[in-house]
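Here is a short report on one protein chain. Look over the model first, then follow the headings.

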Amino acid sequence: MCLLLESIKIANGQPQNLPWHQRRLDASRLEVFGRQLPPINLQEILNTSQLDKATIYKARVIYGEELDKVEIEPYSVRPIQSITVVEANRLDYPHKYADRSAINTLFSQRGAADDILIAQNGLLTDCSYANVCFWDGGKWHTPAEPLLAGTKRASLLEKGLVSERKIAVSDIKFFESVTLINAMLDPGTIVLPASQLIY
């Protein structure tokens with residue numbers, strides 16, 4: 001059975017970025033299963049009334065043709081101080097699958113680094129669990145061809161806060177810093193000098 005996943009940040013007792021999560025959930029179900037299915041309404045299934053408003057939570061909504069389960073746990077940022085570039089030309093991850101075995105296999109190749117940055121045919125895509133943005137001294141740029149187009153990435157692009165461009169591994173030296181972004185991470189939460197990337 002094919003299961004998909006949405007990871008949603010809950011802050012101040014409220015789910016964040018929900019329209020983008022709902023949009024991706026609907027599109028993924030249609031593309032993966034090839035037909036219209038009874039709707040899964042994220043606003044309705046996320047019961048946050050009993051949560052501590054001072055705590056940041058991560059909600060994991062696991063679903064397929066139907067809702068499978070919802071898990072909500074307190075969240076803390078995992079520190080990232082080093083990233084190594086890993087080539088994976090044949091990896092295909094167009095949807096946020098619950099099964100991450102292919103990415104976990106790549107992650108095991110990180111050596112002493114904290115995370116990986118996946119390259120395909122010489123172009124940068126994503127880290128193991130986040131999209132990336134590169135700072136050139138004036139603007140943030142995100143790879144134009146990510147493995148998985150994340151919800152935070154989509155919202156930042158729509159708001160004009162980042163721009164898309166093809167970024168080759170050989171371009172890393174032209175940037176000042178890199179930040180990781182996903183549903184749980186805003187730009188600037190995890191920032192590394194681009195010179196610390198191993199490639």
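## A loop residue at the surface

Ser76 has a relative accessibility of 59%, so it counts as exposed. Its place is the loop that runs from strand S4 (67-74) to strand S5 (83-87).

## The whole chain

This is a predicted model. The protein chain contains four helices and 13 strands. Its C-alpha atoms fill a box of roughly 45 × 40 × 35 Å along the principal axes. How does the radius of gyration fit a compact globule? For 199 residues, such a globule would have a value near 16 Å, and the protein chain has 17 Å, so the two agree.

Buried residues account for 48% of the 199 residues. Contacts also reach across the sequence. Take those between residues at least 6 apart: 61% of them join residues at least 24 apart.

## Surface and charge

Helix H4 covers residues 151-158. Which of its residues are buried? They are Thr151, Lys152, Arg153, Ser155 and Leu156. An α-helix has 3.6 residues a turn, so residues three or four places apart point the same way.

What do the buried residues of H4 pack against? Their partners are S1, H1, strand S8 (131-135), strand S9 (140-143), strand S10 (163-165) and strand S11 (177-181). After H4 comes Gly160, with a positive phi near 75°.

Arg153 sits in H4. Is Arg153 buried or exposed? Its relative accessibility is 5%, and buried means under 20%, so Arg153 counts as buried. Set aside its neighbours within four places in sequence. Arg153 is then in contact with Asn131, Thr142, Pro143, Ala144, Pro146, Glu164 and Ile181.

## Two asparagines with positive phi

Most residues other than glycine have a negative phi. Asn12 has a positive phi, near 55°. Asn12 lies in the loop between strand S1 (4-11) and strand S2 (14-15). Its relative accessible area is 58%, so Asn12 is exposed.

Asn17 also has a positive phi, about 60°, although it is not a glycine. Its loop links S2 to helix H1 (18-33). Is Asn17 buried or exposed? At 16% relative accessibility, Asn17 counts as buried.

## Cysteines without a bridge

A disulfide is a covalent bond between the sulfur atoms of two cysteines. How many disulfides does the model have? With a cut-off of 2.5 Å between sulfur atoms, the count comes to zero. Cys127 is one cysteine in no disulfide. The nearest cysteine sulfur belongs to Cys133, and it is 11 Å away.

Cys127 is buried, with a relative accessible area of 4%. Cys2, at 29% relative accessibility, counts as partly exposed.

Note on methods
Residues numbered from 1 in each chain as written. Predicted model: local features only at pLDDT ≥ 70, side-chain atom pairs only at ≥ 80, totals over all residues. Heavy atoms only, no water. Buried < 20%, exposed > 50% of the residue type's maximum accessible area, 1.4 Å probe, protein only. Rg over C-alpha atoms; globule rule 2.2 N^0.38 Å. Contact = heavy atoms within 4.5 Å.
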